[in-house]
Amino acid sequence: MNRADAGGEPAAYRRCARIAAAHGRTYFLAARLLSPERRRAMHALYAFARTVDDIVDGQAEDAAAQLDRIEKDLDERLVAGDPGEPDDPVLFAVSDTILRYEIAREHFRTFLDAMRMDVPGSPLFRNRYATMSELREYMRGSAAAIGLQLLPVLGTVVPIPTAEPAAAALGEAFQLTNFLRDIAEDLDRDRIYLPTEALTAFGVDEPLLHHCHRTAHTDPRLRRALAHLIALNRDLYRTAVPGIDLLHPRVRPAIRTAALLYGEILHEIEHSGYAVFDRRAVVPGHRRLWVAAREFAGARSPRRSGLGAVTTGNK
């Protein structure tokens, strides 16, 4: 098979890069700091996760069947030890990446099971979470597994199992940030990814969430609950960020950039007065570029603490 085209890069990987550029701005920016080979692999992993997520969010009646077909197709390619024909560019690229970097297949099974938890009618379906422990069980597949998939691609200076806890925690930290930012969008899909127990402690129930959504106004009780959950989110970052030093030195600036920029989304939520119903918290483009440039330059000089906005929320 001729895996490269005249442009020097397989078309399947170019397709994955376009998906990452369109949907994962922070992720795509961080990946630009990597070597071309690692960058392509990251794009493939992102595109696979995004493709599956789009199937689930599209709420098609056959979503569960589509996930089953994807898992079967992926398994067949991996068992054969060959990514196969690039008829499905994303499956080809992710299969090639898994085989090339010897990524454990269990991380993809765990991810797909978590996605089934979002599909109505699936035996695993769940759209409310009573406790943080329950939510973290979901994030084990939806987020921690992504971090574990990335480790062999990024490379480590320690045995991979040693780096896995921090990688899993960083995936969870990113996911919880998404949940805090996307409350309104998730409500539109009849999902609440914030623990009922934590919300109730501040006097927030589901009718209040829907009222805030309808009025585009964040009730003071919800602001206090969000402040609490943001504090928990920052604790996850504090657990995860030191693990970046366990990665290959060349990839540390990219992952540190992603961690810093995702951490700054929390600052943007706070800075807006927790206005999560009338806007989507984003880090300005000029700020993203500045952080990336600083981290890349910093990799060539003695390392500072590097936690910045991840730990304090300040710019």
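A disulfide is a pair of cysteine sulfur atoms within 2.5 Å. In general terms, a disulfide is a covalent bond that joins the sulfur atoms of two cysteines. How many disulfides does this structure hold? The count is 0.

Cys 16 has a relative accessibility of 0%, so Cys 16 counts as buried (buried means under 20% relative accessible area, exposed means over 50%, and partly exposed lies in between, with a 1.4 Å probe and protein chains only). Cys 212 is buried too, at 1%.

## How to read this model

This is a predicted model, in which local features need pLDDT of at least 70 and side-chain atom pairs count only at pLDDT 80 or more, while totals for chains, interfaces and linings use all residues. Residues are numbered from 1 along each chain as its sequence is written, and side-chain values use heavy atoms, leaving out hydrogens and water.

## Aromatic pairs

Now for the rings. Rings of Phe, Tyr and Trp (its six-membered ring) pair if their centres lie within 6.5 Å; planes under 30 degrees apart are called stacked, those over 60 edge-to-face, and the rest tilted. A search of the whole structure finds 9 such pairs. In one of them, the rings of Phe 48 and Phe 111 have centres 6.1 Å apart and planes at 50°, so this pair is tilted. Phe 48 sits in helix α3 (residues 36-57) and Phe 111 in helix α6 (residues 106-116), so the pair ties together parts that are 63 residues apart in sequence. Helices here are DSSP runs (H or I, at least four residues), numbered from the N terminus.

Tyr 237 is buried, with a relative accessible area of 0%. Elsewhere, Tyr 129, Tyr 138, Phe 179 and Tyr 193 gather in one aromatic cluster.

## Salt bridges

Charged side chains meet as well. A salt bridge is a side-chain nitrogen of Lys or Arg within 4 Å of a carboxyl oxygen of Asp or Glu. By this rule the structure has 24 salt bridges. One of them joins Glu 172 and Arg 136, whose closest N and O atoms are 2.8 Å apart. The two partners come from distant parts of the chain, with Glu 172 in helix α8 and Arg 136 in helix α7 (residues 132-154), 36 residues apart. Glu 172 is buried at 8%, whereas Arg 136 is partly exposed at 37%.

Arg 181 meets Asp 182 at 3.0 Å, N to O; Arg 181 is buried at 12%, and Asp 182 is buried at 10%. Arg 238 meets Asp 235 at 2.9 Å. Why are Arg 238 and Asp 235 separated by about one helical turn? Because they are 3 residues apart in helix α12. Arg 238 is partly exposed at 37%, and Asp 235 is partly exposed at 41%. Finally, look for Asp 57, Glu 185, Arg 189 and Arg 191, which are linked in a network of salt bridges.

How values were computed:
Helices (H or I, at least four residues) and strands (E, at least two) are DSSP runs, numbered from the N terminus.
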